[in-house]
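Please keep the sequence and the model in view while reading.

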Amino acid sequence: MNQRTALYQQHVDAGAKIVDFAGWDMPLHYGSQIAEHRKVREHAGVFDVSHMAIIDVDGPEAAVFLRRMLAGDVATLTQSGMALYTIMLNEAGGVVDDLIIYRLESCYRLVVNCATRAKDLAWLKQHGEDFSVNLQERSGLGILAVHGPAAISTVCSLLPAAHADRVRALGAFRCAELGDWFVARTGYTGEQGIELILPDAQAPDLWRNLLAAGVQPVGLGARDTLRLEAGMNLYGHDMDENTSPLAANLEQTIAWEPAYRVFVGRAAVEIHRRQQAEGKLPKLTGIVLETRGVLREGQRLVTDKGDGIITSGSFSPTLNVSVALARVPVHSTICEVDLRGTLTPVRLVKPRFVRLGKKVFD
Amino acid sequence: MSNTLKYARSHEWVRVDADELATVGISEFAQEALGDVVFVELPKSGATVSAGQEVAVVESVKAASDIFSPVSGTIVAVNDTLKDKPEILNSAPLTDGWLFRIRMSKPSELDALLDAAGYAASHG
């Protein structure tokens, strides 16, 4: 029997096609994935992402421990209310997971992927033994992500005035605790929006109120095409334990300074950096297919510098062409994709296609 | 109306319109499984095909699916509307979302296809 979020019945009531996602019964779409995608770009959509794992870290050495475990530096979260997207590496410099870390009043909060929950917890606990820290996986909480140009104003219209004022005042990658709710200006779509963590018992009411206010329920299908257009990696596809973050467009999630900070995987990624400069490590890039067809994960690419591979690809509902993230040799300039046996030219672009509803590559 | 259709196990339907003329499309089950269709590659009008031959491709947000002709014959028309409006395959797979019309060279091949109940049973 699969796990279900507090909103399972709401999904069924909204006509969801339910699929298994890493042991959870989750909505794939509520009729049309493309219509849901466009609604997020044009107005607002709500995603149930309660299947993701929340790990709270506190204790006297919480910051010291996290500075060791994460490639990003939690010392940059100088006060509560700040957030950071970063990665956790293994000793070989592979990506154990990507995550967002939030600084709360009383702890650091990590939100990690659903499928990697057990692995991440074991990894953190194993390393946590040497530190004075407490790791607590939070259960009984729902997570709703509301994204789109009208998302923040709609959420604010449903909140008590004092809370709404605090939400409106939040900048990107800022968060706030509002009683037993936690809200953050973070997300996975390339649109403005907000993520809300709240007790399971209160999640269905918020969901119903959002839908009544004109917010579109959005399934995992559109979540994937939205994040792909935004050029955001999907764990297990664009990045994994056997791939350097430098070959996954994650260099900016690593804090190289201060040089004395030792973090797990640092030695390995320092080597990867030199290898990439020498052209020996591939890079993650964006590709666009301007003719008919759809780019798919696993398709082979042929470039002027050697073969590459698509790590995730789909049809882009915003651009009406197919786009993909792909791992190719550095310095490649010409690229073709093996589309069901036919080599077809594609364009290499920066790995970011849409932001705030608009095309962003040349 | 759908009970007058005959189905292939590979999820295409055939409707006999006149003696040897038939229309081919994909089933409701197939469109549902595919999700939103984004491109349809149709055969060329005039092409001669045999039963079981790959003749078209339907690309959805989820996957690319080969379409096999359920019967042998000559393609006499294709549904060009699908080039601009592939979503019709989702909204009306059994009617406006037809793929092609074929002049059958061996109408007896129809006997090997499933009726609606047999098709429903074939994909449980």
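In which sense do β14(A) and strand β17 of chain A pair, and over how many bridges? The two strands, β14(A) and β17 (residues 321-328), pair in the antiparallel sense over 7 bridges. Strands here are DSSP runs of E with at least two residues, helices are runs of H or I with at least four, and both are numbered from the N terminus; two strands count as paired if DSSP finds at least two bridges between them. The model is a predicted one, in which local features need pLDDT of at least 70 and side-chain atom pairs count only at pLDDT 80 or more, while totals for chains, interfaces and linings use all residues. Residues are numbered from 1 along each chain as its sequence is written, and chains are lettered from A and ligands numbered from 1 in the order in which they are written.

Strand β14(A) deserves a further look. Within its pairing to β17(A), Lys283(A) stands opposite Val328(A). β14(A) also pairs with strand β19 (residues 342-349) of chain A, again in the antiparallel sense, over 3 bridges; there Gly286(A) has Val349(A) as its bridge partner. A residue is called buried if 20 or more other C-beta atoms lie within 10 Å of its own, exposed if 12 or fewer do, and partly exposed in between, with C-beta atoms placed from the backbone.

The view now widens to the whole of chain A. This chain contains 9 helices and 21 strands. Its radius of gyration is 20 Å, close to the 21 Å that the globule rule gives for 362 residues, so chain A is as compact as a globular protein of that length. The radius is taken over C-alpha atoms, and the rule is 2.2 Å times the number of residues to the power 0.38. Along the principal axes, the C-alpha atoms of chain A fill a box of roughly 60 × 50 × 40 Å. Buried residues make up 46% of the 362 residues. Among the contacts in chain A with a separation of 6 or more, 68% are between residues 24 or more positions apart, a contact being two residues whose C-beta atoms, placed from the backbone, lie within 7 Å.

In helix α3 (residues 62-69), the buried residues are Ala62(A), Phe65(A), Leu66(A) and Met69(A). Seen down the axis of α3(A), they fall within an arc of 95°, so they line one face of the helix; the arc is that of the directions from the helix axis to the C-beta atoms. The elements against which they pack include β5 (83-89) and α4 (117-128) of chain A. In α4(A), the buried residues are Asp120(A), Leu124(A) and Gly128(A). These cover an arc of only 60° around the axis, which puts them on the same side of α4(A). On the other side, Ala118(A), Ala122(A), Lys125(A) and Gln126(A) are exposed.

Helix α8 of chain A is mostly covered, with 7 of its 10 residues buried. Among the buried residues of α8(A) are Arg223(A), Leu226(A) and Glu229(A). Their cover includes α2, β16 and β17 of chain A. After the helix comes Gly231(A), whose phi is positive, near 70°.

Chain A also meets chain B, in a contact of 12 residues from chain A and 7 residues from chain B. On the side of chain A, the elements that give two or more residues are α2 (33-42), α8 (220-229) and β16 (306-316). In chain B itself, 6 strands form an open antiparallel sheet in the order β1-β2-β3-β9-β8-β5. At its edges stand β1 (6-7) and β5 (48-49) of chain B, each with a single partner strand, so one side of each is left without a neighbour in the sheet. Inside this order, β8 (residues 73-78) and β9 (residues 100-104) of chain B run antiparallel and are joined by 5 bridges.

Finally, some loops of chain A hold backbone details. A cis peptide bond, with omega about 0°, joins Glu257(A) and Pro258(A), and Pro258(A) lies in the loop between α8 and α9 (266-277) of chain A. Phe173(A), a residue other than glycine, has a positive phi near 60°; it counts as partly exposed, with 16 C-beta neighbours inside 10 Å.
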